[in-house]
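Welcome! Let's take a friendly walk through a protein model, with the structure open beside the text.

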Amino acid sequence: MQDAETVLDVLRERGRKGLPLTQLYRQMFNPSIYLLAYGNIYSNQGAMTPGACGETADGMSEGLIHEIIELMRFERYRFAPARRVYIPKKNGRLRPLGIPSWRDKLVGEVVRLILEAVYEPSFSSRSHGFRKGRGCHTALREIRDGWTGTVWFIEGDISDCYGSVDHEILMQILSEKIGDRRFLRLIRGMLRAGYMEDWEYKDTLSGCPQGGVVSPVLSNIYLHKLDEFVERELIPQYTRGDHRARNLEYKRVQYRLARARRRGDRAQARELRRQMRTLPALDPMDPGYRRLFYCRYADDHILGFAGPKAEAEQIKADADKRREVVVAEAYRDAQKIKGEADAKAIAIYAEAFGRSPEFYRFWRSMEAYRQTFHSKSDVLVVDPSSEFFKYMKNSGGKESGK
């Protein structure tokens, strides 16, 4: 197989050009990417922190990589539940942190490398969180150097961003660019791995686990929709005019200064120059000039507006309202696609086993139902040991004749 850097360079180029990505899962069989991932995380502070199963970086070997690859080939790799701990926040509250097992950290870093190569070229230049070569200082530098004339700041913070990520919406966003169903199933399995708290297993029905190496890039992919909304709708709507009009009061003082100089009145000239330094040369309330700026670091974002306070308040109300609309539309799209997949699966079950479609709707919650389709075909794949298959055998269904 090709070396890791070559593979990632190809993925970056395809991501930059918007080309289809249908063969990502096969990269999970490449040992060189696992070695690159190991080099990235083995020296991390938490590499020797055990997860729920007690595995740490000191158990790393090439044999472990080949074992993981062999499980990946047959889609048998399963993420273990993370160990839930709580760390203190600055405000005195506690932040939940999930500590995955070592092999899950390794696989997560491989997934992160692939996702970052695919999505990084398309991320907004206004996003600075968890990106290579960017950070808090680049965000502050952008505001300092580019937000000239800003008078109002609208700050936004998404409460419990990691914990409130909707899995269906996230998978729908990923499927817009990634056409490899096996790779998407791997990510879904990662999201639904659950966690152990006081040795009690709990499901993760939403959110990305804080502490996982993939969570930052997944949150950036999720919040990229917010960046697109601001850049395509809000900024064009509240930006107009090429330049500000000249301040008439400043021009009048400037004209009086010129006359005083011609008369040789130095005292008045000094006073007028002092007065000019207190006045803006351009009209700060020019109704034909508006500028809206935007910057985001992780789940914290800020809008800067050059204009009156009334319009700044309108921008805040519009942003809050439209953000809810964008999320609702994305959720409806995800539910629509999920509903179409449900109907298709039910129809195949009904045709295969001669039962009414209504009879099979209770399979929605079963693992056999969630893993119905092969990545490139509509072939029915059911585990003989699953609850579904046992039920059909015991109920005298017609599967034996099929």
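## A cysteine and a helix

Searching the whole structure turns up zero disulfides. Cys-136 is therefore in none, and its nearest cysteine sulfur, which belongs to Cys-295, lies 9.9 Å away, whereas a disulfide needs the two sulfur atoms within 2.5 Å.

Now turn to helix H7, which spans residues 181-191. At its start, a side-chain oxygen of Asp-180 comes to within 3.1 Å of the backbone nitrogen of Arg-182. The buried residues of H7 are Phe-183, Leu-184, Leu-186, Ile-187, Met-190 and Leu-191. Viewed down the helix axis, they fall within an arc of 155°, so they line one face of H7. These buried residues pack against four helices, H3 (62-73), H4 (102-119), H6 (167-177) and H8 (215-237).

How confident is the predictor? The mean pLDDT of the protein chain is 82, and 80% of its residues reach 70 or more.

| Stretch | pLDDT | Contacts in the model |
|---|---|---|
| Residues 355-389 | below 50 | 65, beyond near neighbours in sequence |
| Residues 396-402 | under 50 | nine, beyond four places in sequence |

Where pLDDT is low, predicted coordinates should not be read in detail.

Notes. Residues numbered from 1 in each chain as written. Heavy atoms only, no water. Buried < 20%, exposed > 50% of the residue type's maximum accessible area, 1.4 Å probe, protein only. Helix = DSSP H or I, 4+ residues; strand = E, 2+ residues; numbered from the N terminus. Arc of directions from axis to C-beta. Contact = heavy atoms within 4.5 Å. Polar contact = N/O pair within 3.5 Å; in protein donor to acceptor, adjacent residues only side chain to side chain. pLDDT = per-residue confidence, 0-100.
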